[in-house]
Amino acid sequence: CFCVYSARLDRAVRMRLEGLAGGLVPGRSSAAAAAPAAPDREPPPPVLVSCRGSLCLNVAADVITLEDKVDVIRTGTQGATDHLVCDLLAILLGRRDEAATVATGTAGATDRGPLEPLEIQAKGSPVVATSSEAALEARAARLGYEIATRRIVLDGDDPVSLVVRGTEMEARKIDYCPGPPGDPGALMALGPGRLKSRPQDGEPVQVRWQQWLRMRPDGAGHVVSVAGDAEVAVEAQGRLAATEMHLWLDVVRPTAGDAAAAPPAGTGPDLSRVRPSRLLARGMVEADAAQAEARTDRLELW
């Protein structure tokens, strides 16, 4: 009887991972990840991982580490491709049933599921993650990705960037967790930062901030808060600047008739189904529109 605490492959490693319905790269939709595997359904495509350096499996810590020109690729049906390039990749393994056991308090359960990837952590100069399915591109010195929730965290010494379905964002740190179909999700972006988005039925919008931008659920809708020399410019309409702004959004939920046209969940911030409801701007407010200008310390719009 013997125990293996670690295993190491020293050079030019190639690895094939099977059965990962949730993917291993940001951008995989939650609908595809959560769909049950039907007997007559094709298994999910494999994830191919390679590196020029070494692969180390730490059994005690349940983590696989790859280094030097790490390349992760997954080609799905209809040509959709998820791709990740980095210098160092750590794949954290775990058992989902153990997490459920802790949550429900049934600590006496003895049926342990197989190890599977739960999270990845990547470092590079920079890390580049792309997904054609989600129209996503992320760049950062450090990238963290939780497979089950599709939460993505980007940070590093240099500014990071995230492009999802036409919405472009650059900041010092971005923490984004998708929501259900048609939902913008939750976002925290530390500044200085900027965002550019083109709504489906509106003019291009640019937002800049020095401290942070935060988007979070608020009742049936969402609220977006921007702090620190906040500025919003709408092409051909005007500009609004203030120390801080708070914008309440109503989310138009897809009905049964247009559910098929709704984008899949987990593919990124969907701003096409939000409608502004109320705005509050405070502290050195400046509004410049085509036919009006205003200077005040507080501005509210409904």
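**Surface, salt bridges and backbone geometry of the predicted model**

The protein has an accessible surface of about 16,600 Å², and carbon and sulfur atoms contribute 53% of this area. Accessible areas were computed by the Shrake-Rupley method with a 1.4 Å probe, and for residues only the protein chains shown count as cover. The structure is a predicted model, in which local features need pLDDT of at least 70 and side-chain atom pairs count only at pLDDT 80 or more, while totals for chains, interfaces and linings use all residues. Residues are numbered from 1 along each chain as its sequence is written, and side-chain values use heavy atoms, with hydrogens and water left out.

The secondary structure consists of two helices and 20 strands; helices (H or I, at least four residues) and strands (E, at least two) are DSSP runs, numbered from the N terminus. Of the 302 residues in the protein, 40% are buried. Here buried means under 20% relative accessible area, exposed over 50%, and partly exposed in between (1.4 Å probe, protein chains only). Among contacts with a separation of 6 or more, 52% are between residues 24 or more positions apart, a contact being heavy atoms within 4.5 Å.

Side chains of opposite charge can pair when their charged atoms come close. A search of the whole structure gave 13 salt bridges, each defined as a side-chain nitrogen of Lys or Arg within 4 Å of a carboxyl oxygen of Asp or Glu. One of these joins the side chains of D10 and R8, with an N to O distance of 3.0 Å. Both D10 and R8 are exposed.

A salt bridge is also formed by R52 and D68, whose closest N and O atoms are 3.6 Å apart. R52 is in the loop between β3 (47-51) and β4 (55-58), whereas D68 is in strand β5 (residues 63-75), so the pair ties together parts that are 16 residues apart in sequence. R52 is exposed, because its relative accessibility is 51%. D68, with a relative accessible area of 35%, is partly exposed.

The side chains of R282 and E244 meet in a further salt bridge, at 2.5 Å from N to O. This pair links distant parts of the chain, 38 residues apart: R282 belongs to strand β19 (residues 274-289) and E244 to strand β18 (residues 238-251). Both partners fall in the partly exposed class, R282 at 35% relative accessibility and E244 at 24%.

Most residues other than glycine have a negative phi, and most peptide bonds are trans. A cis peptide bond is found between S125 and P126, with omega about 0°; P126 is part of strand β7 (residues 116-131). The bond from G191 to P192 is likewise cis, with omega near 5°, and P192 is located in the loop between β13 (186-190) and β14 (193-197).

Positive phi values occur at D68 and K69. D68, which is not a glycine, has a phi of about 75°, and this residue is the salt-bridge partner of R52. For K69, also a residue other than glycine, phi is near 55°. Strand β5 contains D68 and K69.
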